[in-house]
Amino acid sequence: MERKEVLIKNIKIGNGQRIAIQSMTNTISTDYISTITQVNKLKDMGCDIVRISLPSMEAAINISKIIKNTDLPIVADVHFDYKIALQAIKSGVHKLRINPSNFPPEYLLEVVHAAKSENIPIRVGVNRGSIHDLISNEQLAEYALKNVLLLEKMGFDNIVVSAKTSNVRDSIIVNKYLFNHSPYPIHIGLTEAGFGKFAEIKSIYSLSVLLNEGIGDTLRISLTGDPDREVKLAKYLLRAAGKLGGFFEVVACPTCARTQIDVERISEFLETKYENLKKDIKVSIMGCLVNGIGEGLNSDIGICGGKDKSVLYIKGKRVRIVENHEIEELLVKIIDNFDQY
Ligand code: SF4
């Protein structure tokens, strides 16, 4: 099946494009100062696309101020009221997400025409929580595809699709079904994952399985609370999956009785200092030569811990001996000037 590509402002998704990280603001949408601040913070953290919920006409009017104050593509999340969708398009949003379970079908054509004239995509975003019947996974995916077909019949094919559940296994089954039956980009994410570590693990588990099978063109790790965490975890996930360029990474050993340097302190220092560095640099901090030599050779920068003195590797070569108390200072100098190496 030839897969389709969709443009959201300047971000292409689908058909093998880089997987875009999405998140969603949780400020009051009409408080555009707070919302702009949150959107731009998410951008600085590595978010590619931000969705904003528009529960009122006032929010749909105000969203133009948010759009003017950020480079990020903005997606309007609209439920129930087609007039809000029309106003959001008029205000300049870069994509519209509608939920077929609560969107009035008799006004869909009008909204589709408006989206088409502004050349913005629509995400058909189905969510099991919005459906008031017990349905199977296949029925949930088919429900999304039925609504995709409805848009196609209206002459519209600038489409993204999603069908979300809060259950890991269901989410995997539903998204596989979508992938096998539809050419449109798929937005993946475990919905209503919840709060805390278990929510994070559930999300990452389900998304990992899908990403490993090449499924998913945009993703959101939906977590209760501050959306910063969503973006941070999405970046970690894509990096671990080998699908994110421009990412600073520290590889560190777990430490044991052989450890010669303060692996934990050095790793934490680097992770904190370079958290938002958008460069592909892998630094290994290893406690001794057992695994330190091999990791050092296979990293951009490596430290293999030794008694009082350690070995520094750069780009696969043993470069010099370094006093252990100088390690952090030296690494900062190298990382800050890495283009010269
Ligand atoms: S690299 Fe050395 S210090 Fe680190 S866990 Fe392995 S054996 Fe222990």
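Because the model is predicted, local features need pLDDT of at least 70 and side-chain atom pairs count only at pLDDT 80 or more, while totals for chains, interfaces and linings use all residues.

Domains. I looked up how the protein chain is divided and found domain 1 (6-240) and domain 2 (248-340), with bounds that come from an automatic or database domain assignment. The C-alpha centres of domain 1 and domain 2 lie 39 Å apart.

Ligand. I then listed the residues that surround the ligand, among them Cys253, Cys256, Arg258, Met286, Cys288 and Asn291; a residue is near a molecule if its C-beta atom, placed from the backbone, lies within 6 Å of it. Helix α10 (residues 289-297) gives the largest share of this shell, 3 residues, where helices are DSSP runs (H or I) of at least four residues and strands are runs (E) of at least two, numbered from the N terminus.

Strands. I next followed strand β14 (residues 309-314), which pairs with strand β13 (residues 301-304) in the antiparallel sense over 4 bridges; two strands pair if DSSP finds at least two bridges between them. Isoleucine 303 has leucine 312 in β14 as its bridge partner, and in the hairpin of β13 and β14, with 4 residues between the strands, aspartate 308 takes a positive phi near 65°. On to strand β15 (residues 317-323), I found 6 antiparallel bridges with β14, and isoleucine 314 has lysine 317 in β15 as its bridge partner.

How values were computed:
Residues are numbered from 1 along each chain as its sequence is written.
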